Amino acid sequence: QVQLVESGGGLVQPGGSLRLSCAASGSIRSINLMGWYRQAPGKQREMVAYITTAGTINYRDSVKGRFTISRDNAKNTVSLQMNSLKPEDTAVYYCNANILAYYSSTTEYWGQGTQVTVSS
């Protein structure tokens, strides 16, 4: 059974920083895309950043220059360093990964979500 477990998040003042981490575990054969999405109250879930196995990265425009995504392929982890946080970054952040398990075809998995609140 494959699962994604997130850590990090919390309450931070505008201009502050937070780091989110996500670890994939289970019968994993390989992982293609790993990334982060977020969902604010009353809004649709949106892509924040993703990174491929080869290291190709994509960010949504509103976080470029402030957020940095990274991954450790050996440990099956992905992290999101968030700097210069703004109130509009407040949302539940979800880890996402496309995983090929030993017992199934490539499947999209989601973490349980972690709350990030930016407020003074």
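1. Along its principal axes, the C-alpha trace spans about 45 × 25 × 20 Å.

2. A word on the basis of these values: this is a predicted model, in which local features need pLDDT of at least 70 and side-chain atom pairs count only at pLDDT 80 or more, while totals for chains, interfaces and linings use all residues. Residues are numbered from 1 along each chain as its sequence is written, and side-chain values use heavy atoms, with hydrogens and water left out.

3. The protein chain has 11 strands and 0 helices, where strands (E, at least two residues) and helices (H or I, at least four) are DSSP runs numbered from the N terminus. Of the contacts with a separation of 6 or more, 55% join residues 24 or more positions apart, a contact being heavy atoms within 4.5 Å.

4. Buried residues make up 39% of the 120 residues in the chain; buried means under 20% relative accessible area, exposed over 50%, and partly exposed in between, with a 1.4 Å probe and protein chains only. In soluble globular proteins, nonpolar side chains tend to be buried together. Here the largest nonpolar core has 32 residues, and those with the most contacts inside it are W36, L80, M82, Y93 and I99; such a core is a set of buried Ala, Val, Leu, Ile, Met, Phe, Trp, Tyr and Cys residues joined through side-chain atoms within 4.5 Å. Several strands, including β3 (18-25), β4 (28-39) and β11 (114-118), each supply at least two residues of this core, and β9 gives the most, with 6 residues.

5. Two tyrosines deserve a separate look. Leaving out residues up to four places away in sequence, Y93 touches a set of residues that includes L20, W36, V48, F67, L80, M82 and V116. Y94 lies in strand β9 and counts as buried because its relative accessible area is 14%. Beyond its neighbours within four places in sequence, Y94 is in contact with residues among them E6, W36, Q39, R45 and W110. The C-alpha atoms of Y94 and K43, which are 51 residues apart along the chain, are separated by 14 Å.
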